[in-house]
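Q: I would like to learn how to read a protein model step by step, beginning with the whole chain and ending with single residues. Could we go through one together?

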Protein chains: 2
Amino acid sequence: MGTDGYDMKALTFNGADLLLNEIPLPDRRPGDVLIQVHYAGICNTDHEILRGYMPGFTGVPGHEFVGWIREADNDRLVGSRATAEINIGCESDSCAWCISGMQRHCPNRAVLGIQGRDGVMAQYVAVPERNVVPIPDSIPDNQAIFIEPLAAACEILEQISVGKEQTVLVLGDGKLAQLIARVLGTHAGRDQVVVCGKHSAKKALFPRDLVTVVDLETCTSDSTRFDIVVEATGSPSGLDMAVTKVRPRGCVVLKSTCAASAGFNPAPLVVNEITCVGSRCGRFAEALDFLVSTGLDLSPLISAIRPLDQGREAFALSAQPDVMKVVLDCSG
Amino acid sequence: MGTDGYDMKALTFNGADLLLNEIPLPDRRPGDVLIQVHYAGICNTDHEILRGYMPGFTGVPGHEFVGWIREADNDRLVGSRATAEINIGCESDSCAWCISGMQRHCPNRAVLGIQGRDGVMAQYVAVPERNVVPIPDSIPDNQAIFIEPLAAACEILEQISVGKEQTVLVLGDGKLAQLIARVLGTHAGRDQVVVCGKHSAKKALFPRDLVTVVDLETCTSDSTRFDIVVEATGSPSGLDMAVTKVRPRGCVVLKSTCAASAGFNPAPLVVNEITCVGSRCGRFAEALDFLVSTGLDLSPLISAIRPLDQGREAFALSAQPDVMKVVLDCSG
């Protein structure tokens, strides 16, 4: 039983298997709030953790969520809907990253459900109050669940500029590629932004008013090169293709954390003086602004909502081709 | 015999072997000048071509050189000392690269001794007059021979800025790393620029007034991370090391065209949001300015000067550890 005398249901990863367990309620450390989780999204990173991508992580996985604040030092927060930034910096006076608000690069950071801190695939999660992002009433939970990956998509525009004359190719049609296409398409429009996917069901989800959609064969056989190529396939071959589709002196944005293909050859990067920009998490505020200002409905990207009790089955479903976001309902 | 009734000595690569041959003098096409080659430098790229790095290249290799203009439409050029930019653009009215002076990225370019055009390891070479770079009297031939690789070193400062507070690590102690260290050390100083090599004889050549020199073991075991890491090892493991030595959101400059190590994993690039900048050729004018303004003596980087007749032996020598620039004297 937990410190308050209660246990909660949670998915836990023991380094080998994902299990449904009863575990103590999380400790609410000084400055933390306790959030009752409503929805928790399953992300490719969660699959990678279960495959050993983050060696050493054990505990409750999950970092995409929305819920209700149930306990907080600040009484006014209690009862409000919220999500939370997932990177928890060391907040030391000598940490330049934390001082500058870049906790997401603090070398001693913990990351919810990824590194050194239990995540959100549980009935409750404790997070520092400074990480809390309140959700406005206009954004329902089936939109709010996308804020974390949407922030990762918005991060691209924080790292590089996409000018009015520049052409962009997004490689991939999975969950992150869908969000990137919406963010870049909203920014630059369908005359500038082309997306290339290979799964018809996923490609059908791209908003045709924001982006131009091409299939893999057309894209491969066409000799057009783009100013910017965003690699979001999640596949080892994605980087190879990105390098062939970017113009000399162009920019490749790397979003996939998977390994490069075995024969990856960086020589074309040198010969064509390509810039590759690794891109990960972004600020939640930008993502929330995007949701509020565009009014885009992201719920078509949710393939299924399953109760936390069916977490293992939900992970299996999420790994199927043509399945997009699978959400765990942790409120049952 | 050549069109003028003369043959010349040249090294030629037939796709398998490097041979010493008598071949016709090069055709001087409209707008070309004919240069009698004095010195031709052996570069790692030449070795890579002989190993099949540029499949399909056959003919006279070599692209680093200095010589005397012997024939030109413009009489005033005849007799002057010169080298030449190695990229020969298509110069089509519809080529945005050529129009903007970026022939080095023209998709239809030829490259002296590398792609579609005979190079300089011969008694004579023909190049377009627009590519000619005259050498001032103050720069002797044993300095001028470095202009092409020095331009590649200067290119880094055209692509990225190195601010007063930024730290730079140069990986490698070979020919290109030596020039990069001198260019960046001159720009930023030894408090900002660290170079890491593993060959004592090569490391001894770094100018200690411009850069701080560390050995590989110290660099590997130290946890310091740099704002900018320049990968110029020419080794597949260089990129892996660069990624471990750059700070989050830092920049890796890629100079080696060799393949990445088999297990190269781009995930740290994404997680730490690293920018990788491929960097190749630069403008010769910057390199010439550098030589003239710094007065740096680069001749200690020349390990040997061998007659063209001993070209094959010179290549073998050049491939030995601890051997730096080997120069062919083509004037004999």
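Q: How many helices and strands make up the secondary structure of chain A?

A: Helices (H or I, at least four residues) and strands (E, at least two) are DSSP runs, numbered from the N terminus, and by this reading chain A comes to 11 helices and 18 strands. The radius of gyration, taken over C-alpha atoms, is 20 Å for chain A, close to the 20 Å that the globule rule (2.2 Å times the number of residues to the power 0.38) gives for 332 residues, so the chain is as compact as a globular protein of that length. Along the principal axes, the C-alpha atoms of chain A fill a box of roughly 65 × 45 × 40 Å.

Q: Before we go on, what kind of model is this, and how are its parts labelled?

A: This is a predicted model, in which local features need pLDDT of at least 70 and side-chain atom pairs count only at pLDDT 80 or more, while totals for chains, interfaces and linings use all residues. Residues are numbered from 1 along each chain as its sequence is written, chains are lettered from A and ligands numbered from 1 in the order in which they are written, and side-chain values use heavy atoms, with hydrogens and water left out.

Q: What share of the residues of chain A counts as buried?

A: Buried means under 20% relative accessible area, exposed means over 50%, and partly exposed lies in between (1.4 Å probe, protein chains only). Of the 332 residues of chain A, 56% count as buried. The accessible surface of chain A, computed by the Shrake-Rupley method with a 1.4 Å probe, comes to about 13,300 Å², of which 50% belongs to carbon and sulfur atoms.

Q: Which strands pair with β12(A), and how is β12(A) covered?

A: Two strands pair if DSSP finds at least two bridges between them. Strand β11 (residues 168-171) of chain A is joined to β12(A) by four bridges, and the two run parallel; here L171(A) has C196(A) as its bridge partner. Four bridges also join β12(A) to strand β13 (residues 212-215) of chain A, again in parallel, and G197(A) is partnered by D215(A). Strand β12 (residues 193-197) of chain A is mostly covered, five of its five residues being buried. Both of its faces are covered, with V193(A), V195(A) and G197(A) on one side and V194(A) and C196(A) on the other.

Q: Which unit do β11(A) and β12(A) make with a helix?

A: A crossover is right-handed if, with the strands pointing away from the viewer, the path from the first strand over the helix to the second runs clockwise. In this model, β11(A), helix α5 (residues 175-188) of chain A and β12(A) make a right-handed β-α-β unit.

Q: Against which elements do the buried residues of α8(A) pack?

A: An α-helix has 3.6 residues a turn, so residues three or four places apart point the same way. In helix α8 (residues 237-245) of chain A, the buried residues are G238(A), L239(A), M241(A), A242(A), V243(A) and K245(A). Through contacts (heavy atoms within 4.5 Å), these buried residues pack against several elements of chain A, including β11, β12, α7 (216-221) and β14 (226-231).

Q: What rotation superposes chain B on chain A?

A: Two copies of a chain are related by a rotation about an axis and a shift along it. The copies are superposed by least squares on the C-alpha atoms of residues with pLDDT of at least 70 in both, and a rotation of 180° with 0.0 Å of shift along its axis superposes chain B on chain A (RMSD 0.0 Å). That is the relation of a two-fold axis. In chain B, the C-alpha nearest the axis belongs to C276(B), 2.4 Å from it. As 100% of the interface residues of chain B are also interface residues in chain A, the copies meet through the same surface.

Q: Is A287(B) buried or exposed?

A: A287(B), in helix α10 (residues 284-294) of chain B, is buried, with a relative accessible area of 0%. Leaving aside its neighbours within four places in sequence, A287(B) is in contact with I147(B), L150(B), A151(B) and C154(B).
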